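Here is a short report on salt bridges. Look at the sequence and the structure, then read on.

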Amino acid sequence: MSRYFRYRSLADLHADIVKLGLEDDVRLTDDLSPLWRPVAFGGRTIGNALAIQPMEGCDGTLDGKPDELTVRRWERFGAGGAKLIWGEATAVVEEGRANTRQLLINETNARALDDLLARTRAAHRTVCGSDDDLVVGLQLTHSGRYSYQRPLIAFHDPAVDPITLADKKRKLPVTDEYPILSDDDLKRIEDALVAGALLAWRIGFDFVDIKQCHRYLLSELLAAKLREGVYGGSLDNRTRLVRNVIRRIREETGDRLPLASRMNVYDGIPYRIDPETSVGVHRLYPIPYRSGFGVDEQNPFREDLTEPIRVAGLLREWGVTMVNVTMGSPYYNPHVGRPAEKPPIDGYEAPEHPLYGVARHFRCAAAVQRAHPDLVVVGTGYSWLQQYLINAAAANMRDGRVTIAGVGRGALAYPNFARDAQTAGSMAGKKVCITVSYCTALMRGKHNELGQFPSGCVPRDKVYAEVYKEMLRTSDRQKSVTSDK
Ligand SMILES: Cc1cc2nc3c(=O)[nH]c(=O)nc-3n(C[C@H](O)[C@H](O)[C@H](O)COP(=O)(O)O)c2cc1C
Ligand code: SF4
């Protein structure tokens, strides 16, 4: 039974928005026409203003090629009708992968990625007639602190180190003696990001995203006020890596590869579960809070968008023309990035009504868009609104608060939401994401022979209902084997 989302109409939802005093941040409209406006980006036309967010399925081969389920997901996205597909997190080096099945871009995997792109486009053509106005990009990532082999950290973060496991088996956290990535390490990572971008360009992706979000490496660097040397401290230093990467990609492609970045504008602070209530409570934090990006140092529960807005402007100056605004960490404050009805398996009950989370996403994206009207700003955090997300997206576009609305979990559950919205004028309530976090639970499942279960929508897609059952069954078996010992 839904705890928060009990709306039978747009008016019901609106009433709750007003009750919570969020009507400035969360706006709704019946007029969906803004969704169907084309958007100019990188010399191309994106045929409508709906995007599918990067949604990794943790379902590649062990060497990082797309596998059967990866292709299935991308084809379903391709056939969905959204005209911007923001291809999922793809690591540029093995040691920077977040899990054993994350996609990895290199010469060996280029053909398989090429095939993935071709199939996605073909699926779109089959349903929409032409793919001329479909834009498909690839997110290039280094997982940094969340690399699966071991944490590769940019600086010692007093709030996050104690909950970063240096030794997963023995559950030992990162200590002050744990090494940080050196400046030379970061230079090599620059090289790898540039090489990944050139390869993605050769394959034929329409753009690359230099990922700076969710506290993976480049996101952590944005917050690295406590790091010494040329990659830390001042904002100029903290943006050095991304600036160098952008400059080099532009030089090496003769400026022919459109560039984008998915960026955290508010990191928030770490939370933990309260064992008595199961509700999320913040962990102890220092004041001033100096290890979060976009975080008010005196009151870290609030965003301070001064630096994020500056960085968005700098990115624009350096040649990035599309910014996907996002926030939070999937590991230590999942309610910030993904407002949800039910918590993920490693999470906690929401410490706030999810509408506050939606409002935070919309408010921050609007601030970036307002400051940089010529930037294509993609907004995040729509899925909790279920079938009404299109009404919120259209209102945000109408009011110039965002250029494109990106849908994450909503697209996993209901890949053809855009087509339905266009043809029927609404999304089907029976197909929507109900934000119950099974997809995240699958991401956390590591106990099969590949070291990772594939992720997808359990309530809406039979394939993953089966995978989930298998995960539970084998975890029970594993528990009984452990207890036999
Ligand atoms: C299963 C799953 C996979 C995700 N994969 C990525 C990813 O590859 N890259 C990324 O930037 N965000 C990723 N995200 C975050 C989403 O793109 C999105 O920001 C988040 O779900 C909030 O948007 P929503 O409310 O529309 O779901 C993922 C989230 C989930 C649940
Ligand atoms: S499992 Fe499906 S319904 Fe649940 S949050 Fe993920 S996409 Fe939404």
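## A bridge across the chain

In this predicted model, the side chains of R363 and D25 meet in a salt bridge, 3.0 Å from N to O. A salt bridge here is a side-chain nitrogen of Lys or Arg within 4 Å of a carboxyl oxygen of Asp or Glu. R363 lies in helix α10 (residues 354-371) and D25 in the loop between α1 (10-19) and β1 (39-41), so the pair ties together parts that are 338 residues apart in sequence. Helices (H or I, at least four residues) and strands (E, at least two) are DSSP runs, numbered from the N terminus.

How accessible are the two partners? R363 is partly exposed, at 29% relative accessible area. D25 is buried, at 14%. Buried means under 20% relative accessible area, exposed over 50%, and partly exposed in between (1.4 Å probe, protein chains only).

## Two further pairs

D183 forms a salt bridge with R227, and their closest N and O atoms are 2.7 Å apart. D183 lies in helix α4 (residues 183-203) and R227 in the loop between α5 (217-222) and α6 (235-238), so this pair ties together parts that are 44 residues apart in sequence. D183 is partly exposed at 24%. R227 is buried at 5%.

R97 and E94 also meet in a salt bridge, 3.0 Å from N to O. R97 is buried at 1%, and E94 is partly exposed at 28%.

## The whole structure

How many salt bridges does a search of the whole structure find? It finds 41. R44, R121, R125, D131 and D206 are linked in a network of them.

## Reading the values

Residues are numbered from 1 along each chain as its sequence is written, and chains are lettered from A and ligands numbered from 1 in the order in which they are written. Local features need pLDDT of at least 70, side-chain atom pairs count only at pLDDT 80 or more, and totals for chains, interfaces and linings use all residues, while side-chain values use heavy atoms, leaving out hydrogens and water.
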